[in-house]
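Have a glance at the fold, then come back for the notes.

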Amino acid sequence: METDERGTRPRCLVTGATGYIGGRLVPELLAAGYRVRCLARSPGRLRDHPWADRAEVVRADVTDPASVAEAMRDVDVAYYLVHALGSGRDFEETDRRAARVFGEQARAAGVRRIVYLGGLTPTGVPERNLSPHLRSRAEVGRILLESGVPTTVLRAAVIIGSGSASFEMLRYLAERLPVMVTPSWVRTRIQPIAVRDVLRLLVGSARMPQDVSRAFDIGGPDVLTYRDMMARYAAVAGLPRRLIVPVPVLTPGLSSHWIGLVTPVPASIARPLTESLRHEVVCHENDIARYVPTPPGHPVGFDEAVRLALQRIRDARVTTRWSSASVPGAPSDPLPTDPDWAGGSLYTDRRERTVAAPPEALWRVIEGIGGENGWYSFPLAWALRGRLDRLAGGVGLRRGRRDAQRLRVGDSLDFWRVEEIEPGRLLRLRAEMRLPGLAWLEMRADRDPAGRTRYRQRALFHPHGLLGHAYWWGVSPFHAVVFGGMARNIARAAAASAGTAPADREATAPASGAGGGRRER
């Protein structure tokens, strides 16, 4: 790694480090010898990443000029990997404002280059006819190119890699539907690209000559229709041949709801993906190869990209997922530690049990909760709540887990997100389902004064308005079944895994119970 004029290694600023691409780019930049600073609204969510102790993390919001200016200090290359997709009807204005702030502050700080990952747009289609998603991506690229800072805009279509939204959508459609009635856009030609090629080009763009400031089309070696992609996925995955019947009546809106029912990708994310597939997205140049050398074996072909992604899933080595990024509109407030938080109400349901197993066995059950392991109580109720959340436009219960055994702060876990984890002791989850308030679920493995293992469970709810209070009291009659059953079955699972008799005893604190829990002020 060459040093700059100060005799130090160049520093890269990475936005979107809690997301799918940003979380994978950081270790690639570190491996290439760069110093890395991550810009995040919630720095705590990066705490448990394997590279966290080798990167600097600063708290900032890309729409706030002052915080971005501070984050840009002494930065050589700034990566712009954020977007406001799904944050509401005004997401295009939010994207526009954030890009302007980023470009202006980069110029003021003397940043040498901006690198932006955008979307591949179809040739010959007026921008007004593009989907809002693609139109906003194109506008952001244009704003950054006009910022006065040399800018590299990489324009990609479908990214194939373990955990990407595009790959998860493709995977679940192919695996769950042997016969598919599909929208007409499955005939659209696409040029997918492997995530490892995207990362290679992002890292390589940091060293482009100062006089290069432009957009580059990037793609893999294969041009396929979405129908071809589903068929080839099935072949690589060893599935029987899929029967695919395109029909003209499925609009992007209907398609997104159909995808939301079949795959873990919610309709709010599926819609912009499907709208982007209405037009052909194929690379019309490969000029990037003049500036970023292409090593042997690259670009990776579609079949190999699928094989690599499936291998990482089987080996539980999915480092980031599409759901790693915050869900737009989801609560982001940390758990209130003060019962008088904001002068409002905090409802609590507490459950405790003595467990006939060591705390280590109990912790393994706690950390393994969710995903394929389920939630240890009344599966039908959890499934119904997930389905209702999907119908309301939420994330539902299908996001599963990044890793089957290990959790880290910031991980999505079905319709929860890991807010805090103290290995061996505490797991705190924050709800991301649609609710008239904020909710948390906390699980602890402790020992009591007599040395016995205790499982302590606490569900908290901070209502928003009268509807929030009505919601809590409406569902509180079911808490004995859902939360009580959950505590009982977690204790039994821990005892069973330790090979001991499940002679656990329940203790319901005075502040909780089947009646719905305590209301704290």
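How many bridges join strand S17 to S18, and do they run parallel or antiparallel? Five bridges join them, and the two strands run antiparallel. Keep in mind that this is a predicted model.

- S17 covers residues 426–431, and S18 covers residues 437–447.
- S17 and S18 make a hairpin, with five residues between them.
- Within that pairing, Leu427 has Met443 of S18 as its bridge partner.
- On to S19 (residues 453–463): eleven bridges join S18 to this strand, again antiparallel.
- Here Gly437 is partnered with Pro463 in S19.
- S18 and S19 also form a hairpin with five residues between the strands, and there Gly451 takes a positive phi near 90 degrees.
- S18 is largely enclosed by the rest of the structure, because ten of its eleven residues are buried.

**Helix H5**
- Ten of the twelve residues are buried, so H5 is largely enclosed by the rest of the structure.
- Among the buried ones are Phe167, Glu168, Arg171 and Tyr172.

**A nonpolar surface patch**
- Val179, Leu243 and Val245 form a nonpolar patch on the surface, together showing about 250 Å² of accessible area.
- Val179 sits in strand S8 (residues 179–183).
- Val179 counts as exposed because its relative accessibility is 52%, and the cut-off for exposed is over 50%.

**Salt bridges**
- The count comes to 34 salt bridges.
- Arg37 and Glu56 meet through their side chains at 3.0 Å, N to O. Arg37 lies in strand S2 and Glu56 in strand S3, so this pair ties together parts that are 19 residues apart in sequence.
- Arg37 is buried at 3% relative accessible area, while Glu56 is partly exposed at 32%.
- Arg232 pairs with Asp303, with the closest N and O atoms 3.0 Å apart. Arg232 lies in helix H7 and Asp303 in helix H10, so the pair links parts 71 residues apart in sequence.
- Asp446 is buried at 16% relative accessibility, and Arg456 is partly exposed at 24%.
- Arg214, Glu285, Asp287 and Arg290 are linked in a salt-bridge network.

Key
Residues numbered from 1 in each chain as written. Predicted model: local features only at pLDDT ≥ 70, side-chain atom pairs only at ≥ 80, totals over all residues. Heavy atoms only, no water. Buried < 20%, exposed > 50% of the residue type's maximum accessible area, 1.4 Å probe, protein only. Helix = DSSP H or I, 4+ residues; strand = E, 2+ residues; numbered from the N terminus. Patch = residues over 30% accessible without salt bridge, like charges linked within 9 Å, V, L, I, M, F, W, Y side chains within 5 Å. Areas by Shrake-Rupley, 256 points an atom, 1.4 Å probe, with all protein chains shown as cover. Salt bridge = Lys/Arg side-chain N within 4 Å of Asp/Glu carboxyl O. Pairing = 2+ DSSP bridges.
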